[in-house]
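Hi,

Here is the structure I promised to pass on. My notes follow below it.

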Amino acid sequence: MNWVNKSIIQEFILLDFSDPPWLEFLLFVVFLISFVMTIFGNLTIILVSCLDSKLHTPMYFFLINLSLLDLCYTTCTVPQMLVNLCIIRKVISYGGCVAQLFIFLALGATECLLLAVRSLDRFVAIFQPLHYSRLCLQLAAASWITGFGNSVWLSTLILQLPLCDPYVIDHFLCEVPALLKLSCVETTANEAELFLVSVLFHLIPLTLILISYAFIVRAVLRIQSVEGRQKAFGTCGSHLIVVSLFYGTAISVYVQPPSPRSKDRGKMVSLFYGIIAPMLNPLIYTLRNKEVKEAFKRLVARVF
């Protein structure tokens, strides 16, 4: 295996789920449908939440941020995947790989923090409703800045590693674990740093979310009104489902130690939280949310 100078790297070859070959058409159809549904669902949430004054609350402000994240997730990865499913030689340019790595890391870290902040939002809404609207913009901005700052640091560490020829990425996107396998040098220190970052951005926020919801559940059980209790559980329940989907899949990739089956597991899990979860999130947030349904009806009536 030969070292490769990054200045002469033109592209990476991607290995995806194209074995057997007949699977490509099925995957293309599934990914295209998921992509369209994700764009439509998340754009609808953003438009409804922005245009309806009754939804101008901290809860929907954070929901707009999460929907924007899901839009960025899919537009960062799915178009490239759809193109590669239509061609024999599946490649991504070096610049495209760097951009995809940076954006994917930034969005992932930001979503970890935003989900934790949204659980804090639910906590404050129940325990201190008079202070409900404070610091929302600052918390959201801090989440985005921290997420992108972490991506700058981690991407720089990964891209400084010397790579080996042939540079074939055994994945359908440029993700950290797959890129580490291309390195010609020992990556133990890099893997340790990745594990530390994963603990900071996955396990710690998840722990805070679980603690806050333990207090929330105890507070909700004290509510005398059955309707109020059902509304509180419905609102918090949708957030917990999204938290479970995101953190469960992300932790299985970045926190669990590698195993002989981790290669295929990593592909499937990345497929889930990068494509399937952004498609499901709008449905999870809106199916049991009467406020969003009513706001959508008002928007449709106003347009037509």
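Start with helix 2: 21 of its 28 residues are buried, so the rest of the structure largely encloses it. Buried means under 20% relative accessible area; exposed is over 50%, and partly exposed lies in between (1.4 Å probe, protein chains only). Helices are DSSP runs of H or I with at least four residues, strands are E runs of at least two, and both are numbered from the N terminus.

Two ground rules. This is a predicted model, where local features need pLDDT of at least 70, side-chain atom pairs count only at pLDDT 80 or more, and totals for chains, interfaces and linings use all residues. Residues are numbered from 1 along each chain as its sequence is written, and side-chain values use heavy atoms, with hydrogens and water left out.

More on helix 2. It covers residues 58-85 and reaches 40 Å from first C-alpha to last, close to the 40 Å expected at 1.5 Å a residue. The expected span is 1.5 Å times one less than the number of residues. Helix 2 bends by about 30° at Val-78, and Pro-79 follows within four residues. The bend is the angle between axes fitted to the seven residues ending at a position and the seven starting there.

The overall picture: the chain has 9 helices and 5 strands. Their order along the sequence is β-β-α-α-β-α-α-β-β-α-α-α-α-α. Of the 304 residues, 50% count as buried.

Next, a helix pair. Helix 4 (residues 136-159) packs against helix 6 (residues 188-221) at about 170°, with the axes 11 Å apart. That makes helix 4 roughly antiparallel to helix 6, a label for angles over 145 degrees. Axes are lines fitted to C-alpha atoms over the stretch in contact, and angles run from 0 to 180 degrees between N-to-C directions. Helix 4 contributes Thr-146, Asn-150, Trp-153, Leu-154 and Leu-157 to the contact; helix 6 contributes Asn-190, Glu-193, Leu-194, Val-197 and Phe-201. Contact means heavy atoms within 4.5 Å.

Helix 6 also bends, by about 35° at Val-199. Its end C-alpha atoms are 48 Å apart, which agrees with the 50 Å that its 34 residues should span at 1.5 Å a residue.

Last, Phe-246, in helix 7 (residues 226-254). Phe-246 counts as buried, at 5% relative accessibility. Beyond its neighbours within four places in sequence, Phe-246 contacts Tyr-73, Gly-108, Glu-111, Cys-112 and Leu-115. Its C-alpha atom is 9.5 Å from that of Pro-278, 32 residues apart along the chain.

Best wishes

Notes:
Angles under 35 degrees count as roughly parallel, over 145 as roughly antiparallel, 65 to 115 as roughly perpendicular and the rest as oblique.
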